Amino acid sequence: MANIKGLWLHAASMALALGTASAACAQRIVLDNATIVDTRSGKLTAHRAVVVEGSRIASIAEAGKVKAAPGDRLIDARGKFIVPGYNDMHAHPLNPGDTVNQLQMMLAMGITGFRQMSGSPELLAARKAGTLMPKLAPTLLVTPGSLLVGPNAATPEMAAAEVHRQKAQGADFIKAISLPPAVLFAAHAAAKADGLTVTGHLLPLVDPREAAEHGMDGIEHLGPGDALLLGCSSQESALRAAIVPPRPVVAPPEAPKTGAGTPPPGVPGAIGLANPLAFTPLPAILAYARVLDSYDAGKCGALADTLAARGIWQTPTLIRVRTMELGDDPAYVNSPELRYVIGSDRAVWHAAGERYTSVMTEPARAVLSRLFTVQLALTKLFYDHHVPMMAGDDTGGAGWVVPGYGLHQEFDLLAQAGLPPLAILQMTTLNPARYLHREASMGTVETGKTADLLLLDADPLASAANLHRISGLIHDGRYFTATDLAGLRQKVADREQ
C-alpha cells in the first residue's frame, strides 16, 4: 500500500493545482433554475433551486427564491437537469498500479462513488487508518478483503475460516471467484453468520437457483460465460451432467494475496486477467454453442423470476463481457481514450489482443459473437422480469476498459440491449443506494442527502446518450464545471504519456 500512500500526496497537490474558482470549496453552492430528475418515478420538476452546504443538500426551493449570501457560488442551471452522481458498482481502481489517475478519471467522468471488487488485508488496514483514499476521488462505498479463490478456499472449512478472517479485518462483503458448490455454500453459511453477503462469479457446476437458495447476494458478469445461460437451456440436466469438475486445489501453507483476480493455471497473470478467453481452450469456447442452440426463453424467464424473487443482484458489466468475447475489435486499439491509460497497462491490453487474434478460430469467433448477442438479450429479459441490476464496468481489472469511460460505454450497451433510459439511470444511482441500504443518504436528489450531483445538458430520460452530457459536478463540497473536468482529464493524459 506504500504506492497508494505516496500517490495520495500527488493527488493532494493535483487538487491544489486545479486552482480554479469553480473547483474551490464555497460557503454554499446554489444550483438555480434547474430541472430535478426523480430517479424513482422519472418525474421531472422544473424551475428548482438546490442549495448545497458542505457535503449535503441543505434545501430545495423554487427557482429565484434563494437569496445568495456573500461567498456563495451561484450557478445558473437554466436548461440543465440534476441527477445524483454516478456509481460504478464493479470496479478495481484500488488494485496496485495507477490508482490516483484511475480515480481522477472516474471522477472526471461523473462517477462519485464506487464498489471496489477486490481487496487485501493491507487495503482494509489502510482504510481503517484513513490513509487509503486521495482527496480528489470518488467515494469508496464498500470493499471486500482478499478474493475468495482456490488457494484460500480449497475446502469448505478453509472457505469458512477465510470468511471469518475477512470479517475480523473489516471487509464489507465477500467476493467469491468460481468455487465448487460445497465450498461456495460453506462460504455463504459463514458469511451469513458474520452478517456479510457473498457476491461473485459462478462456475457452470453451480446451479444459480441453488446459489440463490443458499444466500448468494449477487452475480457478476452474467455468470460469467455460460454459468447463468445453462439455467436457460432446454438440455440443462444433460449439459450439467457432462461438466467435468475442476481438480481440487492444494493450498500453499499461506494463501497468497490477491489483486484483481486469479488467472487460470498456466495463464500469464496480467495478460490473462486482461482477457481470460484468450487463454481458454477452443473446445471449451465451442461448447458454448450447445448452450446457445438449446436456449429456451420461457425457461430463462422462470430463472429470472427466481432471481427476482430472491433479490439476487446482477451487475452485467457488458463492456467487460464484450471486450473479452470480441477481444480484438479494432475499436479498442484505435480508441482515443487510451491516452488516459498508463503505458504498461496499454502494453498488457495489446498483448492480450494479439493473443486473442492468434489463437481464435473463425468458428470460435462465431460462437463468441452469438454468445454476446444472447447476453444482451438476457440483460433485457432480466429487466423485463424485474431482476435487480446495477451498472459497473470492471475498470482496473479488464482489458480495453478505460477508467471513467468504461461506465459510459456500459450505459450505451445497456441501451443497445433495450433497457429504457430511466432504468439505466437507476442502475447507476438509485439501485446502488438500494443495494447498499443507503436510500436515506444517496440515490435521489432530496433535502438532507449527500450532495453528489451532476448537471446534465439534456434530459437523461429522453435518451441514455444524454447521460454523457455532463456540464457540472458537485462532490465533497466542490463544484466542477465541464471545463474543470476536461482539464482534470487532460492532466491525467499528460501524466500517462
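The legends below describe a predicted model.

**View 1. Helix α2 packs against helix α19.** The axes of α2 (residues 99–108) and α19 (residues 482–496) come within 9 Å and cross at roughly 155°. The two helices are therefore roughly antiparallel to each other. The crossing in which α2 passes α19 is left-handed. On the α2 side, the contact involves Asn-101, Gln-104, Met-105, Leu-107 and Ala-108. These residues meet Leu-485, Leu-488, Arg-489, Val-492, Arg-495 and Glu-496 of α19. By class, the residues of this contact comprise 6 nonpolar, 2 polar and 3 charged.

**View 2. The largest cavity and its lining.** The structure holds 1 cavity of 30 Å³ or more. The space in the largest cavity amounts to about 50 Å³. Leu-107, which also belongs to the contact of α2 with α19, is one of the lining residues. The lining consists of 4 nonpolar, 1 polar and 3 charged residues.

**View 3. Helix α12 packs against helix α15.** The axes of α12 (residues 318–325) and α15 (residues 362–384) lie 10 Å apart, at an angle of about 170°. This angle makes α12 roughly antiparallel to α15. Leu-318, Val-321, Arg-322 and Glu-325 form the α12 side of the contact. From α15, the contact includes Leu-368, Leu-371, Phe-372, Gln-375, Leu-376 and Thr-379. Counted by class, the contact has 6 nonpolar, 2 polar and 2 charged residues.

Methods: Residues are numbered from 1 along each chain as its sequence is written. This is a predicted model: local features need pLDDT of at least 70, side-chain atom pairs count only at pLDDT 80 or more; totals for chains, interfaces and linings use all residues. Side-chain values use heavy atoms; hydrogens and water are left out. Axes are lines fitted to C-alpha atoms, for helices over the stretch in contact, and angles run from 0 to 180 degrees between N-to-C directions. Helices (H or I, at least four residues) and strands (E, at least two) are DSSP runs, numbered from the N terminus. Angles under 35 degrees count as roughly parallel, over 145 as roughly antiparallel, 65 to 115 as roughly perpendicular and the rest as oblique. A crossing is left-handed if the near helix is turned anticlockwise from the far one by less than a right angle, and right-handed if clockwise. Contact means heavy atoms within 4.5 Å. Ala, Val, Leu, Ile, Met, Phe, Trp, Tyr, Cys and Pro count as nonpolar, Asp, Glu, Lys and Arg as charged, and the others, Gly among them, as polar. On a 1 Å grid over the protein atoms alone, a cavity is a set of points where a 1.4 Å probe fits but cannot get out, and a pocket is an open set with protein on both sides within 12 Å along at least five of seven lines; lining residues have an atom within 4 Å of a point. Grid points are joined across faces, edges and corners, and a volume is the space filled by probe spheres set on the points.
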